[in-house]
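Let's take a friendly look at a few residues and their surroundings. Have the sequence and the model ready as you read.

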Amino acid sequence: MAKNKHIENEEQYTGLTVNEGVVQPPSISPYLQRAKRRQFTADEYVAGILRGDISILSQAVTLIESGKPEHQALAQEVIEKCLPYGSKSCRVGITGVPGAGKSSFIETMGMYLVGKGHRLAVLAIDPSSERSKGSILGDKTRMEELSVNPQAFIRPSPSAGSLGGVARKTRETIVLCEAAGFDTIFVETVGVGQSETSVHSMVDFFLLIQLAGTGDELQGIKRGIMEMADGIIINKADGNNIHKANLARIQFQNALQLFPMPESGLRPQVLTCSAREKTGIVEVWDMVENYLSHIRKTGFFEQKRTEQSTRLMYESIDEQLKSHFYSNDQIAKQLKTYENKVRNNEMSSFIAARNLLDEYFSKK
Ligand code: GDP
C-alpha cells in the first residue's frame, strides 16, 4: 500500500483528514516584478543631473551615501564631472535647538522662495543619527507642502558614518544639487553638537533660529554658535509671544555688540518672524540677500569659499584616512584585543595606538 504522505490519513487513525496543500501563488504577480534597475554610467548620471532629473539626482546622492567601494568610485566620477556646473548657488546654513521651528521655518521660507521662482534643495546634517540611527531631524511629516513641490528637493541626513563622513557627503551632495540647477541650498542642523561647525564651513550665510522664552535667552546658548551666526531670527513671534520675541531681539542685538566685528564687516542682524503665521519671512530673506550682495562686492564671498575649499581638502584627508584605518580587516581584528589590554591596564593607550598604527602603516 502506497504510504500516505500524511501519516494522519492512514487507516489506524480516525478523525480529521489532512488534505493535500495547494501551491501558494507568489505574493507579487511575476508580471508586475520590475527588471532589476540597470546601473547608470557616470555620464548618464551627469546628463540626468544636468537635465534637472530629480530621480537621477536622488540615485546619485544614494551612491554618494553608499559605503560600497564601487559606488564610491562611481560617485566620485559623477561629482568630478558636475563640479564645473556648480558654485553659482547661495548656500544657507540653518541651525537651532530642537523645537525652535527649523522645519516649520524652512517650509514657510521654502514655499516663499519657490514662489519667487527659485529652486531650493534642503539637505540636513543630523549628528544624532550617527549613534542611535534615529534622528532629531528628518521625519516624514516635516515640510509637507515643500516636499511635494517640484521646485524643491529635500534630502534627510545620511544616517551612516561619522560626523566628518556625513559632512563630506553633504558637501558632495551640494555639488550635485547645484549642477541640477538648484540655485538655493539650505543645510539644516541641530544646534546641539559639533555639526554647526561643519555646516558653517560649507555655507555662505549661517542663520541661527532662536526662541523667545523666559527672559534669560542668552543663557545656555553656546557663545561659539552666536559668533558663527551671520543672522539671528527669533521665531514664533506670534500671538502672545510677540512682545517677548521683540524683547529677545533687543537682548540678542545688544549682546552681539559686545562681540568683535565679524570678518565679513557686517554685524549680524536680529529679526523676529513667525513660520506659522508667515510673517517676517520676506524681511529675513532680504537680510540674507543684502548680506550676500555686500560680501560679493567686497570679495569676502570668494575669499570664504576659497578658505572653505582648502579646509575641505584637509578634512577629507582626515576623514578618509580615519575611515580607511578603521575599515582595514587586520586592524579591525586587533582593535578589540588592544582595547581590552588598555581597559585591563595591561598596556598604555599610547603604546596600543602606536602598535596599531605601526601595524597599519607596515601593510601600506
Ligand atoms: P524643529 O525641531 O526646530 O524643526 O521645530 P519644528 O518646526 O518641528 O517646530 C516645533 C514646534 O513649534 C511645532 O509644534 C511647530 O508647530 C511649532 N512652531 C514652529 N514655528 C512656529 C511659529 O512660528 N509659531 C508658533 N506659534 N509655533 C511654531
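## The neighbours of M228

Leaving out residues up to four places away in sequence, M228 touches E196, T197, H200 and F206. A contact here means heavy atoms within 4.5 Å. L207 is 21 residues from M228 along the chain, and the C-alpha atoms of the two are separated by 8.8 Å.

M228 belongs to helix α9, residues 223-228. Helices (H or I, at least four residues) and strands (E, at least two) are DSSP runs, numbered from the N terminus. Is M228 buried or exposed? M228 counts as buried because its relative accessibility is 15%. The terms work like this: buried means under 20% relative accessible area, exposed over 50%, and partly exposed in between, with a 1.4 Å probe and protein chains only.

## Two loop residues with positive phi

Most residues other than glycine have a negative phi. K278, however, has a positive phi, near 60 degrees. You can find K278 in the loop between β7 (269-272) and α11 (281-298). With 56% relative accessibility, K278 counts as exposed.

N345 is a residue other than glycine with a positive phi, near 60 degrees. The loop that holds N345 runs between α13 (329-343) and α14 (349-362). N345 is exposed, as its relative accessible area is 72%.

## About the model

This is a predicted model, in which local features need pLDDT of at least 70, side-chain atom pairs count only at pLDDT 80 or more, and totals for chains, interfaces and linings use all residues. Residues are numbered from 1 along each chain as its sequence is written, and side-chain values use heavy atoms, with hydrogens and water left out.
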